[in-house]
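Subject: Handover of a structure and findings

Dear colleague,

I am handing over to you the structure shown below. The notes that follow it set out what was found, and I would ask you to read them with the structure open.

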Amino acid sequence: MRILYLAHRIPYPPNKGDKIRSYHEIKFLSKRHEIHLLAFCDRSEDLQYADELRRYCRSVTILSMNPAMQKMKGGISMILGRPWSLGHFAHSDMSKAVRQKLAENQFDLIFVYSSSMAQYLESSNRIPKILDFVDSDARKWGQYATANKPPAKWIYSYEARRLKEYEIEMMNVFDYCAFVSPREADHLPMEARTRLLFVHNGIDLEYHRSAKISAASRDIVFTGSMDYFPNIDAVTYFARDIFPDVRRKFSDARFVIVGSRPDARVLKLGSLPGVVVTGTVPDVRPYLAAARVGVTPLRISQGIQNKVLEALAAGLPVVASPAAAAALFHLKDVPLSVAHDSQSFVQFVEAYLGSPPLTAEQTRCCRQQLQTHCDWSTNMQELEKTMESLVSGAIPIRSGLVRNRILSQSLS
């Protein structure tokens with residue numbers, strides 16, 4: 001099968017949520033299929049990773065975006081009554097690249113990663129199409145609106161409304177749509193949920209092999225990109241509202257925030273007693289191995305949190321908010337405690353800090369659960385079967401137009 005794969009961000013290195021999933025999709029599909037990748041990058045240093053992706057792809061085209069210019073296009077998109085996200089990812093070079101690829105190749109299937117990339121499809125092509133939403137961006141923006149005050153609240157509310165309309169439209173256009181869990185689509189009308197596929201995220205257990213946890217450690221660790229608003233909000237909430245109470249009982253406890261490009265608000269947390277902000281690190285595994293408990297106090301959360309899976313795989317118990325744990329319903333008997341408020345966060349964290357680390361048997365059982373439910377190859381097999389059914393004609397393809405594609409043409 002020859003596949004054209006469009007991604008809104010370069011799928012390498014697999015060090016953050018969206019890149020982890022797209023990388024593993026490409027890695028899995030490349031074993032039996034020919035992949036042609038088109039993707040954006042917003043950091044010039046990421047262009048170096050094109051060669052790494054050529055290990056899996058027949059062709060790789062990575063296009064640089066100017067963040068300031070794309071934000072301006074997002075603003076124009078809003079003025080035109082369209083979602084900001086579509087304008088942000090509208091680019092003439094990508095339009096040309098997609099047209100050229102379609103003209104030069106006979107693709108069996110087009111795979112689109114993120115709804116913002118759907119605008120690049122030719123309205124006339126009859127090639128089977130799958131859109132991996134991963135999670136619902138409309139719900140994410142709605143959560144942003146709830147967490148902010150005007151005028152940001154108004155802007156986020158607008159984007160949530162417009163994106164919901166767009167997501168519904170795309171679900172009626174694409175032959176199949178994938179989400180990371182049923183929860184991500186439950187805000188959409190039933191009539192739009194006719195061809196959905198749920199593909200859980202996985203974890204590379206070999207890479208995240210558990211290490212011996214120091215019994216003397218009282219480090220509490222959070223990992224994630226620290227220029228991302230939900231992560232900024234989460235560590236600020238924990239550092240200011242939860243951690244001081246923990247420190248009153250365990251004066252040697254440290255809250256270690258591990259992640260790239262820390263925002264100024266995150267750097268400021270480093271001045272608080274016991275709070276450590278590492279900034280960008282080459283590998284998060286040593287910090288997981290040195291910690292006693294992982295925390296995921298996300299108040300804004302969509303999809304499956306890879307940071308939870310990684311901590312569990314490393315032999316750490318995890319305390320998570322309901323939002324961060326909601327999509328992990330399929331995991332049973334793992335050391336994952338759900339804290340519904342600040343006080344329960346304190347209680348769970350203190351309980352783990354005051355208890356011995358997980359035993360080898362507890363860690364083995366936890367990893368077995370991850371192996372059963374979070375194996376990338378197993379989870380991707382259903383996706384591959386659906387793709388093959390569309391290409392063979394066992395599932396008929398739809399005829400539809402991506403009406404918002406005119407936005408791409410007008411803003412490029």
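In which loop is the place of Pro151? Pro151 sits in the loop between α6 (137-147) and α7. Please bear in mind throughout that this is a predicted model.

The peptide bond that joins Pro150 and Pro151 is cis, with omega about 5°. A cis bond also joins Tyr12 and Pro13, where omega is about -5°; Pro13 belongs to the loop between β1 and α1 (17-29).

Val134, in strand β5, has a phi near 70°. Val134 is buried, its relative accessible area being 14%. Arg261 has a positive phi of about 45° and is found in the loop between β9 and α9 (264-269). With a relative accessible area of 35%, Arg261 is partly exposed.

**The seven-stranded sheet**

Seven strands make up an open sheet with parallel pairing, in the order β3-β2-β1-β4-β5-β6-β7. The edges are β3 (59-64) and β7 (196-198); each has a single partner strand, so one side of each is left without a neighbour in the sheet. Neighbouring strands are turned by 20° against each other on average, direction ignored. Six bridges pair strand β2 (residues 34-41) with β3 in the parallel sense, and Cys41 has Ser64 in β3 as its bridge partner.

Helix α7 (residues 152-173) lies across β5 (129-134), β6 (176-179) and β7, and runs at about 145° to β5. Helix α15 (residues 376-392) packs on the sheet, where it touches β1 (2-7), β4 (109-113), β5, β6 and β7; its direction makes about 140° with that of β4.

**The six-stranded sheet**

A further open sheet is formed by six strands in the order β10-β9-β8-β11-β12-β13, also with parallel pairing. Its edge strands, β10 (275-279) and β13 (336-338), each pair on one side only. The twist averages 25° from one strand to the next.

Strand β8 (residues 219-223) is joined to β11 (residues 293-296) by two bridges, and Val293 in β11 is the bridge partner of Ile220. Five bridges join β8 to β9, with Thr223 opposite Val258 in β9. Four of the five residues of β9 (residues 254-258) are buried, so this strand is largely enclosed by the rest of the structure.

Buried residues of α8 include Ile232, Val235, Phe238, Ile242 and Val246. Beyond its sequence neighbours up to four places away, Phe238 touches residues including Ile220, Phe255, Val295 and Val349. A kink of about 50° lies at Phe243 in α8, shortly before Pro244. At 1.5 Å a residue, the 21 residues of α8 should span 30 Å, which agrees with the 30 Å between its end C-alpha atoms.

With kind regards

Note on methods:
Residues numbered from 1 in each chain as written. Predicted model: local features only at pLDDT ≥ 70, side-chain atom pairs only at ≥ 80, totals over all residues. Heavy atoms only, no water. Pairing = 2+ DSSP bridges. Axes fitted to C-alpha atoms, helices over the stretch in contact; angles between N-to-C directions. Contact = heavy atoms within 4.5 Å. Expected span 1.5 Å × (residues − 1). Bend = angle between axes of the 7 residues up to and from the residue. Buried < 20%, exposed > 50% of the residue type's maximum accessible area, 1.4 Å probe, protein only.
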